[in-house]
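Here is a briefing on one structural model. Take the sequence and coordinates first, then the notes by topic.

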Amino acid sequence: MLSMHPTFPIERSLPMSRLLLLIAMFAAFTMTAPLQAQDASSTPLQDALQSVQADVASPSRSTVPQVLAALLQADAPGTVDFLRAWGDRAVYVRDADGLFFYAQDAPDRMLTLIDIDSGASVATTSSRDLSQIRPNAGVRREINAALVSFELTHPDPARRIAALETIARSPDADQIIPLTAARDAETDTRIIGRMDRLLDLLNARFATDTATRIDAIEGLRGDINTEARRVLNQTLQTRAEFASEIPAGTNVARIRTPGEDISLVDAYATLSDAGLAPPRPGRNAIRDALRANVVDGEVGGVPVHLLTTDERRREAYRALQEAGIVAPLVTEADMRAAVAEYVFFDAYLEADPVVTDAARDSLDSTRTAISFWQFASLSLDALSLASIFFLAAIGLAITFGVMRVINMAHGEFIMMGAYTGYVVQTVIPNYTTSLVIALPLAFAVTFAAGVVMERLVIRHLYTRPLETLLATFGISIALQQLAKNIFGTQARPLTAPDWLAGAIQVNDVVSVASIRVAIFVMALGFLLMLLYILNRTRLGLEVRAVTQNPGMAASMGINPDRINMLTFGLGSGIAGVAGVAIGLVAQVTSEMGANYIVQSFMTVVVGGVGSVFGTLAGATLIGFLQKGIEWFNPANTLAAQTFMVLFIILFIQFRPKGIVALKGRAAGD
Amino acid sequence: MPFDIPRTTATPAASKRSFLHENPSVLWFMGLLGVFTLGVTILSEGFGIGLISTNLVKILGMTLCLCLIAIAMDVVWGYCGILSLGHFAFFGLGGYAIGMWLMYARTEINIRDSLGRGTIPPTELEVSEAVAAQIFGVVGSSDLPLIWTFAHSLTFQLAMIVLVPGLLALIFGWLAFRSRVTGVYLSILTQAMTLALSLYLFQNDTGLRGNNGLSGLQNIPGALHVPQSVISMWFFWASAFALGAGYLLFAWVVAGKFGSVIRAIRDNEARVRFLGYNVEGYKLFVFTITAVVSGIAGALYYPQAGIINPAEIAPIASIYLAVWVAIGGRGRLYGAVIGAAFVSLLSSWLTGGGAPNIDLGFYRIVWTDWWLVLLGLGFVAVTLFFPKGIGGLFDYLVRKKP
């Protein structure tokens, strides 16, 4: 819409001042307008336009202000739409009576005329009876500038905000004056804030007066908004240049010393590209020249089969060079001599060093602010990852901690939970309802699976822990393949309800997906629930007793078999619920559990076996560690995982019992 | 590279008589392996009447390599009690070490061939740049990574087959055993090591072509015009020889006093330590030597498979290795061989479409889908009911005799 073209200040100054006057008039007028706007005529816009008919029908840059003045005076409802249509060449004039219409294409090369006041179709005529009004580029610019000020002073705040967004999208020097005027007339504080920002952005880029510009640049200091950063970066754009000496008035960003900041070969290539030095034949050029000059199996007196080293090739090339067939070789000394004649430097496109200094200064403090926010964002990511690890590992921590049973099928219980969620979603289309049903159902399904597994397999292997590991491997392999047979190999979706689909945008750098917040809350909920169960219930008491000394617990009337079974069921059930949560952020595949199992074990081992807080500490450490490593090498998640595993291997060297090591008899193996 | 025909049946030396007398299974094994090798040679396409296809020879040769790593696994787990989930990583490293030479040398031959057709011969630099561009084009690079510096040298890469897995096992084992990591913790830790290694290899910028892996390994530089039917037999013999030598080595290691000590470590580590033995030293030796043998097995396996990629090293592969040994029977070397051969051949028969699908009327059992379920459940059953595995049957039969 506001397709503005770059203009020259001198040319613009005259109409701009007129425009300013108009805006002031208009602004003053709109304040009182609603009370007296009703004109007696039913076609106020047409009437106003007819009063300046010739200027509208064949517009020129000098006549646009008259039209605007007439429109302002009439203050008809469709004024803005008309101006836009006028600029877009969508207004037609009927040759017979000189009235203005909008038009729509009708069949048989006819046009449907639309009244500019009411918007109703009034007639269908041949296009021969109409003339399209075609303002030239200069006029359109004028109209668009007028439109900006019309929109910026529009009584409807939404329209004013929309106009500001348009300016922000395509900033232009022309907008400074109407925007300043509109800002002075503005009453809404929220919009004033936005206008001040935009003015800073525009001034920082386009203001002709250095003081204003530096003022605006200072105003952008520490602003992490992308548009502010873009403006500063644009101000600091550089171009690589060279000269025999730096011309006066050049705003030098930095000087490049050949051999240090720029390689000798590159520097020389710049010179030879500019025609200031003979081109240097590279290895390929030498080879091609030799290839082209083979005579009787020899080049320059060297037999072809000997040309397998660079020395031989250069020797042959020199022979050709002496015969005057090829361009001369350029030695390193030649390059040095040629390069020494010139200075290589980067120059700012902006000529004023005061401006670039201010911009660099502002950008530096912005960078500081950005690194702070990035750190905050990273911490949030790490927290989210930690809560996922915690959810995946806590079930394992319970079974491993209480029963010393390594359950390698734990990952498959996570997968089972996720598929339960998927199946529920295929049955119940409402995502919220299905999620509410899926969570307890997943718990129930995996609780049952855990109890069955404990009864059938694990119970018989309590004295042989390594073999539990193997047997549960077997179950894990079987379950994975079973899931593949039932659900296929492609990933199944588990869709979060709409209210969890968005992201919480803190600013341009930090945003958190709502689903991750939900998972964090869920992890927190599980932590509290487990602490409650273990510390405040009869079951928890019995579990702790069996953990510490199964024999003594049994002699006190606790049935260790029952406790083991329930504990295993609880751990598995939590895995199922974790599966639903993980399925919402990752894809549901038969292999999803296997992706988490090693990390879950790491979490448990690093945290310290047999402690809920240990698992929490382990998950936090691993989550933050992984994100921290990713920060150094953001493109490479695989590297982050590799280094994290290495770190854990080393960590166990120094704290073999984990962060939270149990003390006393319970710790003894 | 020509191989000598392995003399697997003619190994006994005079000084080893007493050892062989005490371990009759070694002689039996050598005999059977010799007969098997001879039989396959006679039936092969390359040297015999052609009843066995080249493809099958390759599968049998690869199975022999798997048997070799299974023996190594049996020594470290069945005899020494360390459930390592990292031996397949050593296997893969051996494969990568030889694969680098195979790939580099073959590409170099091709490049020299094509550049040599030009009007002037290439320089060494041009050749190595072209080779690098050819090998690493798939990962968007054209520089030769540092670890490929000596890839042109067969001697160097052969040394790497032994040194890389050996050193990795030595360092990892030293760290782990020193801090008294045992039991399930150690298993998890070795699994983590395997995971870290495979994740590392999956990256494109680590210089081993990321998930593309190394390919075309079945073409042996220097023997590019020898048909695959002959090359497959060379590797089959080499694998059989390696298996025989490995069996002999480990039978000798686990016999005698050393064997008694490592079995004692398996059964009660603390008591052995109290008796004054350097438990960590024994464990480290066993862990390292089995890793070296695994590397050698891998170096023989992958030229027959033709391709190696990081997925081969993934933790699940090492788990399958434990499954084979458990099914075959821990604590007896022939058990490991039986387990590896039985399960891997059954697996390739069932998943390769060789086995007929079973129609139950209401459901059709497709073996490619159900094989892993069967394996998993079978494995659970073996763990629960037959801890001695298939090898246990032999004990039963031998004891039956008067």
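The notes below cover the chain contact, the domains, the nonpolar cores and selected helices.

This is a predicted model. Chain A and chain B touch through 43 residues of chain A and 39 residues of chain B. Chain A is assigned three stretches as domains: domain 1 (9–89 + 133–208), domain 2 (240–348) and domain 3 (373–667).

**Contact between the chains**

- On the side of chain B that touches chain A, the elements giving two or more residues are helix 7 (183–202), helix 12 (315–328) and helix 14 (367–385) of chain B.
- Helix 7 of chain B gives the most, with 14 residues.
- By class, this side of chain B has 28 nonpolar residues, nine polar and two charged.

**Domains of chain A**

- Domain 1 of chain A is written in two segments, 9–89 and 133–208.
- The centres of domain 2 and domain 3 of chain A, taken over C-alpha atoms, are 63 Å apart.

**Nonpolar cores**

- Nonpolar side chains tend to be buried together in soluble globular proteins.
- The largest nonpolar core here holds 222 residues.
- Leu68(B), Ala70(B), Ile71(B) and Ala322(B) touch the most other members of that core.
- Beyond its neighbours within four places in sequence, Ala322(B) contacts Met73(B), Trp77(B), Leu83(B) and Leu85(B), and also Leu470(A) from the other chain.
- A second, separate core has 54 residues, including Val139(A), Leu152(A), Ile177(A) and Leu363(A).

**Helix 12 of chain A**

- This helix spans residues 264–273, and Ala267(A), Tyr268(A) and Leu271(A) are buried in it.
- Viewed down the axis of helix 12 of chain A, the buried residues fall within an arc of 95°, so they line one face.
- The general rule is that an α-helix has 3.6 residues a turn, so residues three or four places apart point the same way.
- The cover over the buried residues of helix 12 of chain A includes helix 15 (332–340) and strand 10 (343–348) of chain A.
- Gly275(A) follows helix 12 of chain A and has a positive phi, near 80°.

- Helix 17 of chain A (residues 410–427) has 18 residues and reaches 26 Å from first C-alpha to last, close to the expected 26 Å.
- Helix 25 of chain A (residues 612–632) has 21 residues and reaches 31 Å, close to the expected 30 Å.
- Helix 25 of chain A is mostly covered, with 15 of its 21 residues buried.

Notes:
Residues are numbered from 1 along each chain as its sequence is written. Chains are lettered from A and ligands numbered from 1 in the order in which they are written. This is a predicted model: local features need pLDDT of at least 70, side-chain atom pairs count only at pLDDT 80 or more; totals for chains, interfaces and linings use all residues. Two residues are in contact if their C-beta atoms, placed from the backbone, lie within 7 Å. Helices (H or I, at least four residues) and strands (E, at least two) are DSSP runs, numbered from the N terminus. Ala, Val, Leu, Ile, Met, Phe, Trp, Tyr, Cys and Pro count as nonpolar, Asp, Glu, Lys and Arg as charged, and the others, Gly among them, as polar. Domain bounds come from an automatic or database domain assignment. A residue is buried if 20 or more other C-beta atoms lie within 10 Å of its own, exposed if 12 or fewer, and partly exposed in between; C-beta atoms are placed from the backbone. The arc is that of the directions from the helix axis to the C-beta atoms. A nonpolar core is a set of buried Ala, Val, Leu, Ile, Met, Phe, Trp, Tyr and Cys residues joined through C-beta atoms within 7 Å. The expected span of a helix is 1.5 Å times one less than its number of residues.
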